[in-house]
Amino acid sequence: MKIIKTVDEFAAWRNRQKNSIGFVPTLGALHDGHMSLIKQSKKKCQSTVVSIFLNPTQFAQNEDLDSYPSTLDQDIHNLDFLSVDILFLPNEKEMYQNVSEVKIPSSDLFNKLEGKSRPHFFYGVTTIVAKLFNVIKPTHTFFGEKDAQQLFIITEMIATMKYSIKLVSCPTIRDKNGLALSSRNSYLSTDDKKQAAIIYQSLMKVKEGLDQGISNPNKLKDIFKKNIVTNHNMKIDYISIADIKILDEIDTIKEQKVLVSTAVFFQGVRLIDNFIYRLSET
Ligand code: AMP
């Protein structure tokens, strides 16, 4: 694996490539969720580029930019083990001074769900992903369903900005108790992680409710809330049942596809999870 830190060096490598290039953008502190995206890229594309860039503009003042986990040596080892072709490892100056500014068309999706709690977030994410696309010029890119709203927003951005990049969405990887893997899970102890699995278990109770034909979203949200408050240290930021296209809350669940998503604070860590549900047409 080659580690490239500058845009110029990357461009020199890129100019020599003729075949498909899969790109996996990350913030680092890699885990099996990231690895699953990389494995997909290795399967589908001739070359795979992974970026590690802790993008400051997607963190608000009160968030954990300074303490965000960093395991660079281990990350390099793991990427090398998977035979990733290039690790793109730029610094802030490289991305914000040496890559041209991009103008991202604003989207209604930015201010829903995660955007309500973290209004800066999707502006920061789309700006850096577009800049990275402009440098890497991939044919394919791989995003996780764990960050469902991000996935929808990047899909929309690829269409509106007319990038000819195929986005491949990859399922959420979980630990054996169901907790979605996340770099931020490293803030939690082993016992905390066991307890945090109640988030996924509560989402699955909602799924059971949907399977049983409950169509009132408030009832379904109550199922989630009642289940999760059995752990007194959990504080729900939001639980949402939204239309998958516009991400507005739904009044009655009919035959549409819905995104059931949540953010929960536990031991000072904000954990997110979701699932997508489609009512069968029986
Ligand atoms: P991050 O480093 O957290 O920005 O994540 C980089 C990419 O990995 C994003 O596309 C995430 O959606 C994806 N990802 C993070 N956690 C998981 C997971 N548990 N399962 C699948 N994909 C994930």
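Q: How are residues numbered, and which parts of the predicted model count?
A: Residues are numbered from 1 along each chain as its sequence is written, and side-chain values use heavy atoms, with hydrogens and water left out. The model is predicted, so local features need pLDDT of at least 70 and side-chain atom pairs count only at pLDDT 80 or more, while totals for chains, interfaces and linings use all residues.

Q: What is a nonpolar core?
A: In soluble globular proteins, nonpolar side chains tend to be buried together. A nonpolar core is a set of buried Ala, Val, Leu, Ile, Met, Phe, Trp, Tyr and Cys residues joined through side-chain atoms within 4.5 Å. Buried means under 20% relative accessible area, exposed over 50%, and partly exposed in between (1.4 Å probe, protein chains only). Here the largest nonpolar core has 43 residues. Phe 10, Val 49, Phe 88, Val 129, Phe 133 and Ile 154 touch the most other members.

Q: Which elements give two or more residues to this core?
A: Helices (H or I, at least four residues) and strands (E, at least two) are DSSP runs, numbered from the N terminus. The elements giving two or more residues are helix H1 (7-15), strand S2 (21-26), strand S4 (86-88), helix H6 (121-136), helix H7 (148-160) and strand S8 (257-266). H6 gives the largest share, 10 residues.

Q: What is Val 129 in contact with, leaving aside neighbours within four places in sequence?
A: Contact means heavy atoms within 4.5 Å. Val 129 is in contact with Phe 143, Ile 154 and Met 157, with those neighbours left aside.

Q: Which residues come nearest to the ligand?
A: A residue is near a molecule or strand if one of its heavy atoms lies within 4 Å of it. There are 16 residues around the ligand. Leu 27, His 34, Asp 147, Ile 173 and Leu 181 come nearest. A polar backbone atom of Leu 27 is 2.9 Å from a ligand oxygen atom. A polar side-chain atom of His 34 lies 2.9 Å from an oxygen atom of the ligand. For Ile 173, a polar backbone atom is 2.9 Å from a ligand nitrogen atom.

Q: How much of the ligand does the protein bury?
A: Accessible areas come from the Shrake-Rupley method with a 1.4 Å probe; for residues, only the protein chains shown count as cover. Taken alone, the ligand exposes 490 Å², and the protein buries 92% of that. S2, helix H2 (32-44) and strand S5 (140-144) each give two or more residues to the shell around the ligand. H2 gives the most, with three residues.

Q: Are Ala 29 and Lys 162 buried or exposed?
A: Ala 29 counts as buried because its relative accessibility is 9%. Lys 162 counts as exposed because its relative accessibility is 71%.

How values were computed: Polar contact = N/O pair within 3.5 Å; in protein donor to acceptor, adjacent residues only side chain to side chain.
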